[in-house]
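This report covers selected side-chain contacts and aromatic pairs. The sequence and structure come next.

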Amino acid sequence: MPPSSGQQKVLVAQFVALTGASERQATKYLKSTGYKINEAVDAFYSSNDAKGPSPIDSQLEALFDSLRDDGSDDKDKMELESTMSYLDSKLKVNLENAELFIALEIVQAPNVGEISRRGFVEGWKATEAGTTNQEHAAYIKSLSSSLSTDPALFKKVYRYTFVAGREADQKALSLENAMVYWGMLFSPPGMIWKSKNHDWLELWKTYLHEKWTRSVNKDMWNMVLEFAVQSMADESLSFWNEDGAWPSVIDDFVDWCRTKGIGKSESMDVDHED
């Protein structure tokens, strides 16, 4: 039977005093050892938690600090000016195409103009790309070169664009921003949304300009990629049907295309032949 809540607090305080660990860590190790303080302390010291930051963590922390502006940035984030300077001058990222979103996805930027310390350190550490700006720039270039041919990579970058592209406290993208981001993602070095006979990106943008006035929610954003992939493989759009799970904006886009003689279904072609 575990000790009372009052006794647990005493044990947590003792653990913290002995180890310098956080209360959360103390609670974790005490629970795992049935609140036996000596066993909990031994378990802590034999774990990675007691070893402190790795050399890579420390180097990335130092790199982050070198990129911040002490005069205008919070200690744990790069604001707009520092972020843009970092992306442009240090990483040599093209801010006008999909490379921007490759970089933002790596560091899990909360928005286009901000990078947090935690996202920076954990993001670059996970890539195992090294701890210098030069190594990071080279890594981004390598991803950029395979972005159009690696569907999993493109999907990851595409989906994160929605997260980073939203205005603060907004759940959806403004249509204006979404149009810009689609243009960046569906152009080199990203996936080119075209098939043999149709420039689907231009058709999509034209349709939205004519017919759509609302913002772009997450489901719409994600399903546009699914539609893009399938429309490139099958420009007849025969994969689409009115009973599918497509959002209504895509249903209406297909109807709009067909009024222009684009993407007729196989059944319509058969009926026409008859």
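## Terms and basis

Rings of Phe, Tyr and Trp (its six-membered ring) count as a pair if their centres lie within 6.5 Å; planes under 30 degrees apart are called stacked, over 60 edge-to-face, and the rest tilted. The model is predicted: local features need pLDDT of at least 70 and side-chain atom pairs pLDDT 80 or more, whereas totals for chains, interfaces and linings use all residues. Residues are numbered from 1 along each chain as its sequence is written, and side-chain values use heavy atoms, with hydrogens and water left out.

## Aromatic pairs

A search of the whole structure gives 28 aromatic pairs. One of them joins phenylalanine 15 and phenylalanine 44: the ring centres are 5.7 Å apart and the planes stand at 80°, so the pair is edge-to-face. Phenylalanine 15 belongs to helix α1 and phenylalanine 44 to helix α3 (residues 37-45), so this pair ties together parts that are 29 residues apart in sequence. Helices here are DSSP runs of H or I with at least four residues, strands are runs of E with at least two, and both are numbered from the N terminus. Phenylalanine 15 is buried at 0% relative accessibility, and phenylalanine 44 is buried at 4%. Buried means under 20% relative accessible area, exposed over 50%, and partly exposed in between (1.4 Å probe, protein chains only).

Phenylalanine 162 and tryptophan 221 form a tilted pair, with 6.5 Å centre to centre and 40° between the planes. Phenylalanine 162 lies in helix α9 (residues 151-165) and tryptophan 221 in helix α12 (residues 218-233), so the pair ties together parts 59 residues apart in sequence. Both phenylalanine 162 and tryptophan 221 are buried.

## Threonine 19

Threonine 19 is in helix α1 (residues 5-19) and counts as buried, with 16% relative accessibility. Its side chain reaches the backbone oxygen of phenylalanine 15 at 2.8 Å and the backbone nitrogen of alanine 21 at 3.1 Å.

Apart from neighbours within four places in sequence, threonine 19 is in contact (heavy atoms within 4.5 Å) with Val41, Phe44 and Tyr45.

## Annotated span and aspartate 219

An unreviewed UniProt entry lists residues 55-258 as "domain: DCUN1"; such annotations may be inferred rather than shown by experiment. The end C-alpha atoms of residues 55-258 lie 59 Å apart, and the span is 60% helix and 2% strand.

Aspartate 219 is found in helix α12 and is partly exposed at 43% relative accessibility. The C-alpha atoms of aspartate 219 and proline 247 are separated by 7.7 Å, with the two residues 28 apart along the chain.

Note on methods:
Polar contact = N/O pair within 3.5 Å; in protein donor to acceptor, adjacent residues only side chain to side chain.
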